[in-house]
Structure formats: structure tokens, C-alpha cells
Amino acid sequence: MRSLLFVPGDSPRKLAKGLESGADALILDLEDSVAADRKPEARTTSLAFLKEVSAEGRRPRLLVRVNSLDTGLTDADLDAVVAGRPDAILLPKAEGGPSVIHLDAKLAAREALAGLPDGAIGIMAIATETAAALFAAGTYAGASPRLSALTWGAEDLSADIGAETNRDADGNFTGPFRLARSLCVAAAAAARVTALDTVYVDFRNADGLRREAEEARRDGFLGKLAIHPGQVAVINEVFTPSPAEIAKAEAVIAAFAAAPGIGVVGIDGMMYDRPHLERAKRLLARARSP
Ligand code: COA
Ligand code: MG
């Protein structure tokens, strides 16, 4: 999944627009982009959208961002949307493996009630939205087979730690937020799940978005969240493996296949060992199904 577009869950107009955006996934938001008195409306609108779109053959993956576990709203969110069988729930303000285990249990019960197979609905988590979450980033491994990706957030973290800003005058993240970003990519790798980069809120600035997406790809993120349909094309382009990368991955796989039992090969004067082979296989898998 290269691009995941947030859509306020109470806006039928934006939900319809989201479908045409080209995003690999839509995140139907029940949390921060929906005012407190609109939560019931957002649940109803999101369920109707899930039911309508799930039936379509070619569609983006559909996620729902529920309200965090400490709000008391998560159960009502899940009660409303599980029947629409979203592909995954995005959990905000997650604080490590225990939060995921908690959500897993809530989903398992509701899947049974809705007649869905156990594990039908996946989990993705926003891993850096509180200060406490940073210290729990290393605890996601093995929490739940539902967990497929981790992402990170800078806005709520700013509020929690009391930072005046999260970017410097050049638009680059300041120290505490670079730490959160690094912890996200390490936490995801340690848990063997995908790392996804956070949103770029300056949504008319395509150059800034491209720069940030390229830096994310360089550092191991495989996709990026979006808040506006205009951001999707840039994100998809940056996170699509290029023909040169695909050719290189194929060359690495071919070199290992030609020398069974060998742990290391040389191609064009560069050494490649087992981790490179694994990376090459993962890149080709992504190129085949984004
Ligand atoms: N998903 C789907 N459609 C969207 C969209 C989104 N995230 N953001 C904008 N659009 C639509 C608008 O409705 C508009 O369509 P219309 O002309 O048919 O009404 C079109 O795209 C152009 O929008 P634009 O005028 O450029 O932006 P805006 O001022 O209407 O909206 C935001 C700006 C930030 C309010 C809007 O992009 C948004 O709601 N983003 C998502 C916010 C969110 O979910 N945040 C939580 C995660 S951090
Ligand atoms: Mg938030």
C-alpha cells in the first residue's frame, strides 16, 4: 500500500471523491477530523459507504480510523463498522503491543457476532502519538497476527509533549519528531510489519511532499498517508518501484538461483548476501501488487 488517503467519515461528498483519487487505501476517519457531536453521523455514513463499496470488484482497500482506546468511544465505533467488513482498523494513540492485543480482542468478539471469520479484519496502528508510546515502540512484535503496518503522527505528539512546533523554519521535523519517525521505522521492522510515513499537512506544496516522501522511501517506509486527493499521485509515483529497481532485484534473485547453496554473490562489483535477496523478493512482490 503506497498511498492511504484520510477521508472524514461524516462526509459523503469526500468519500465519493476519495474513491476517484487513485489512492491504494482510504482511511474512513471517525477520530480527529470528526467533531464530537458528529460521531454518530460519521459511524452511520461510514458503514453505508463500506457496504456499498465492498461489493465493487476494483476498489481501494478500506480502513476505518476509530477513536483511541482511552476515549470510551472505540466500542461504539467498532459496533457500528464491523458489519461493513473493513479491511483493517487504524488505531490512533496506540501504546505498543498491549493496545493491539486489546483491539484484537474487541475485533474477535465482534467478528463472531457479525458472522465473519476470525481475523477477517486487520489492524494498523499509529505508534507515536503520545510520549508514553515512544517508550513502547519496541513491543509490537507478536502482539497480533492482524497487525500489518505501523505509522506515526506528529500533531498529537506535539500536544502531548508541549512542543511549540514540530517543524523548523525550513519545514523539517525537529528533534523529538525525528526520533518518533525513526522509532516508527524501527518498531515496524522489529515487528516484521510495513512502515508507513505520516501525513504532510501543507497540502498545496507538491515539492515539499515529494521531498518528504523520497526521504521516507530512502529510510525504509513503503508508503505515506495523505490528507488531500491532490497528494495521491506524487505518493504513488515515489513508492512505486522503478524499472531500474525491478531489474536490479531480478538480477539479484537470478544470481542466487544460479548458485544454489551460496550465501553471497557479486554483481557489477557489488556484494550481495541473503538480506539483499530477501529485499529483492519483497520489492518484486510490491511491484506486482501495490
Ligand atoms: N478526501 C476526499 N476528498 C477530499 C479530501 C479528502 N481528504 N480533501 C478534499 N477533498 C475534496 C473536496 O471536497 C473538494 O471537492 P469538491 O470541490 O467536489 O467539494 C476537492 O477535493 C478539493 O478540495 P480543496 O478545496 O482543495 O480542499 P478543502 O479546503 O475542501 O479541504 C481539508 C481541505 C484539509 C479540510 C480536506 O482536505 C480534508 O478534509 N482532509 C482530510 C482531513 C483528515 O481526515 N484529517 C485527519 C487525519 S490527519
Ligand atoms: Mg490525531
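Buried means under 20% relative accessible area, exposed over 50%, and partly exposed in between (1.4 Å probe, protein chains only). The model is predicted: local features need pLDDT of at least 70, side-chain atom pairs count only at pLDDT 80 or more, and totals for chains, interfaces and linings use all residues. Residues are numbered from 1 along each chain as its sequence is written, and side-chain values use heavy atoms, with hydrogens and water left out.

**View 1. Glu31 and Arg65 form a salt bridge.** Both Glu31 and Arg65 are buried. Their closest N and O atoms are 3.2 Å apart. A salt bridge is a side-chain nitrogen of Lys or Arg within 4 Å of a carboxyl oxygen of Asp or Glu. By this rule the count comes to 22 salt bridges. Glu31 lies in the loop between S2 and helix H2 (39–54), Arg65 in strand S3 (residues 61–65), so the pair ties together parts that are 34 residues apart in sequence. Helices (H or I, at least four residues) and strands (E, at least two) are DSSP runs, numbered from the N terminus. Asp29, Glu31, Asp32, Arg65, Lys93 and Asp156 are linked in a network of salt bridges.

**View 2. Asp104 pairs with Arg146 in a salt bridge.** The closest N and O atoms are 3.1 Å apart. Asp104 sits in helix H4 (residues 97–114), and Arg146 in the loop between helix H5 (131–135) and strand S6 (147–151); the two are 42 residues apart. Asp104 is buried at 19% relative accessibility. Arg146 is buried too, at 7%.

**View 3. Arg218 and Asp219 meet through their side chains in a salt bridge.** The N to O distance is 2.9 Å. Arg218 is exposed at 60% relative accessibility. Asp219 is partly exposed at 30%.

**View 4. Helix H9 (residues 232–239) is largely enclosed by the rest of the structure, because six of its eight residues are buried.** The buried residues are Val232, Val234, Ile235, Asn236, Val238 and Phe239. Their cover includes strand S1 (3–8), helix H8 (206–219), strand S8 (223–226) and H11. Contact means heavy atoms within 4.5 Å.

**View 5. Asp24 lies in the loop between helix H1 (12–19) and strand S2 (25–29).** Asp24 is buried at 12% relative accessibility. Not counting residues up to four places away in sequence, Asp24 touches Met1, Arg2, Ser3, Pro60, Arg61, Asn236 and Pro290.

**View 6. Lys281 lies in helix H11.** Lys281 is partly exposed, with a relative accessible area of 42%. Lys281 and Ile253 are 28 residues apart in sequence, yet 7.4 Å apart in space, C-alpha to C-alpha.

Terms used:
Chains are lettered from A and ligands numbered from 1 in the order in which they are written.
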